[in-house]
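This briefing concerns salt bridges, surface patches and selected residues. Please keep the sequence and the model in view while reading.

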Amino acid sequence: MTEQEGRNLAFLLCLRKIQKNHFPYVHRSPLSTAEFYALFAILRLQEAQDSAGPEIRVSSLIETLNLSPQAVSKTLRLLEQKGYCKRITDPNNRRNTLVLITEQGTTLVNRTRSEIARFVEEVTKRMGDENMAEFIRLSNQCSAIMQEVEQAFYQEFSKEKEELT
């Protein structure tokens with residue numbers, strides 16, 4: 001195996017190890033990780049917004065989660081069925097859908113915040129503050145670069161596909 005192939009494999013295995021961590025054991029909720037992230041994002045967006053109403057636009061959630069509209073819609077449907085959020089039509093613009101976290105959803109997210117804080121605190125304690133800050137900085141940088149490269153690969157793939165048809 002060449003040095004480059006070794007680095008390729010190490011990179012993919014590192015991503016897989018991080019992905020395979022069982023985060024539901026940390027947040028200890030009846031939700032899948034995707035559902036939990038969505039519910040947490042809804043609450044954070046509601047808390048951050050300055051407007052009078054607690055509703056947020058689905059488009060804001062799509063942007064925050066960096067997921068497709070279909071994936072967000074599916075997740076919201078599951079959360080709504082479980083009673084953690086509600087979707088309503090925007091009275092000011094019927095083309096927009098708004099999301100409102102329910103009291104049950106707020107309670108669940110708030111209960112799990114302390115568990116998440118405890119988990120991050122323990123990981124940070126073992127890694128050290130500087131290493132954790134560096135890990136987060138590099139992970140965010142790597143993620144942004146990966147998105148750019150992935151978009152370029154997608155455009156290249158789409159162009160090749162178009163030329164074949």
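R113 counts as partly exposed because its relative accessibility is 27%, where partly exposed lies between buried (under 20% relative accessible area) and exposed (over 50%), with a 1.4 Å probe and protein chains only. The model is predicted: local features need pLDDT of at least 70 and side-chain atom pairs count only at pLDDT 80 or more, while totals for chains, interfaces and linings use all residues. Residues are numbered from 1 along each chain as its sequence is written, and side-chain values use heavy atoms, leaving out hydrogens and water.

**Salt bridges**

- The side chains of E47 and R113 meet in a salt bridge at 3.0 Å, N to O (a side-chain nitrogen of Lys or Arg within 4 Å of a carboxyl oxygen of Asp or Glu).
- This pair links distant parts of the chain, with E47 in helix 3 and R113 in helix 6, 66 residues apart; helices (H or I, at least four residues) and strands (E, at least two) are DSSP runs numbered from the N terminus.
- E47 also forms a salt bridge with R44, at 3.9 Å, N to O; both lie in helix 3, three residues apart, about one turn of the helix.
- Another salt bridge joins the side chains of E35 and K82 at 3.0 Å, N to O.
- E35 lies in helix 3 and K82 in the loop between helix 5 and strand 2, 47 residues apart.
- E35 is buried because its relative accessible area is 5%, whereas K82, at 36%, is partly exposed.
- The whole structure holds ten salt bridges.

**Surface patches**

- F11, L12, L15 and M146 form a nonpolar surface patch with about 340 Å² of accessible area together (Shrake-Rupley method, 1.4 Å probe; for residues, only the protein chains shown count as cover).
- Patches are made of residues with over 30% relative accessible area and no salt bridge, joining like charges within 9 Å and nonpolar side chains (Val, Leu, Ile, Met, Phe, Trp, Tyr) within 5 Å.
- Helix 1 (residues 3–20) gives the most to the nonpolar patch, with three residues, while M146 lies in helix 7.

**Around T124**

- T124, in helix 6 (residues 103–127), is buried because its relative accessibility is 15%.
- Leaving aside residues up to four places away in sequence, T124 touches D129 and M132 (contact means heavy atoms within 4.5 Å).
- D129 lies in helix 7 and is exposed because its relative accessible area is 62%.
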